[in-house]
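Work through the exercises below with the sequence and the model side by side. Each task is followed by a solution in steps.

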Amino acid sequence: ILAIELNTPFKKERLKLKACVIESGEVATNLIYDTRVRFVNLEGEERETLTKIINVFLKSFQERK
């Protein structure tokens, strides 16, 4: 289980989440890792804020194409 804290433009305080690691792999030796997680125990407000963050990233990704 990972404890994840994110600064977001949607809240003054950090968004605190818990996630279970599904898969992790080293991209650059001892520097960068690709990690897939499954968030656990997301409450309503946490879920809404995380959804907003994901949507911002998706929109940004789609605009680059």
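A residue is called buried under 20% relative accessible area, exposed over 50%, and partly exposed in between (1.4 Å probe, protein chains only). The model is predicted, so local features need pLDDT of at least 70 and side-chain atom pairs count only at pLDDT 80 or more, while totals for chains, interfaces and linings use all residues. Residues are numbered from 1 along each chain as its sequence is written, and side-chain values use heavy atoms, with hydrogens and water left out.

**Exercise 1. How many salt bridges does the structure hold, and which residue pairs with Glu 5?**

Step 1. Side chains of opposite charge can pair when their charged atoms come close. The criterion is a side-chain nitrogen of Lys or Arg within 4 Å of a carboxyl oxygen of Asp or Glu.
Step 2. There are 4 salt bridges in the structure.
Step 3. Glu 5 pairs with Arg 14, at 3.0 Å from N to O. Glu 5 is partly exposed, because its relative accessibility is 45%.
Step 4. Another bridge joins Lys 11 and Glu 13 at 3.7 Å, N to O. A relative accessibility of 49% is why Glu 13 counts as partly exposed.
Step 5. Salt bridges link Lys 11, Glu 13 and Glu 45 in a network.

**Exercise 2. Which parts of the chain are linked by the salt bridge of Arg 36 and Glu 23?**

Step 1. The side chains of Arg 36 and Glu 23 form a salt bridge of 2.7 Å, N to O.
Step 2. This pair links distant parts of the chain, with Arg 36 in strand S3 and Glu 23 in strand S2, 13 residues apart.
Step 3. Arg 36 has a relative accessible area of 48% and is therefore partly exposed. Glu 23, at 44%, is therefore partly exposed as well.

**Exercise 3. Which residues make the nonpolar surface patch of about 310 Å²?**

Step 1. Patch residues have over 30% relative accessible area and no salt bridge; like charges are joined within 9 Å, and nonpolar side chains (Val, Leu, Ile, Met, Phe, Trp, Tyr) within 5 Å. Accessible areas come from the Shrake-Rupley method with a 1.4 Å probe, and for residues only the protein chains shown count as cover.
Step 2. The patch is made by Val 27, Leu 31 and Ile 32.
Step 3. Leu 31 belongs to the loop between strand S2 (15-28) and strand S3 (32-40). Its relative accessibility is 64%, so Leu 31 counts as exposed.

**Exercise 4. Find the phi values of Asn 30 and Asn 41, and say where each residue lies.**

Step 1. Asn 30 is not a glycine, yet its phi is positive, about 55 degrees. Asn 30 is found in the loop between S2 and S3, and it counts as exposed because its relative accessibility is 63%.
Step 2. Asn 41, also a residue other than glycine, has a positive phi near 55 degrees. The loop between S3 and H1 holds Asn 41, and a relative accessibility of 63% is why Asn 41 counts as exposed.

**Exercise 5. What volume does the largest pocket have, and which element gives the largest share of its lining?**

Step 1. On a 1 Å grid over the protein atoms alone, a cavity is a set of points where a 1.4 Å probe fits but cannot get out, and a pocket is an open set with protein on both sides within 12 Å along at least five of seven lines; lining residues have an atom within 4 Å of a point. Grid points are joined across faces, edges and corners, and a volume is the space filled by probe spheres set on the points.
Step 2. The volume of the largest pocket is about 380 Å³.
Step 3. Helix H1 (residues 44-64) gives the largest share of the lining, 6 residues. The lining residues include Leu 6, Pro 9, Phe 39, Leu 50 and Phe 57.
Step 4. For classes, Ala, Val, Leu, Ile, Met, Phe, Trp, Tyr, Cys and Pro count as nonpolar, Asp, Glu, Lys and Arg as charged, and the others, Gly among them, as polar. The lining of the largest pocket then has 10 nonpolar, 2 polar and no charged residues.

Conventions:
Helices (H or I, at least four residues) and strands (E, at least two) are DSSP runs, numbered from the N terminus.
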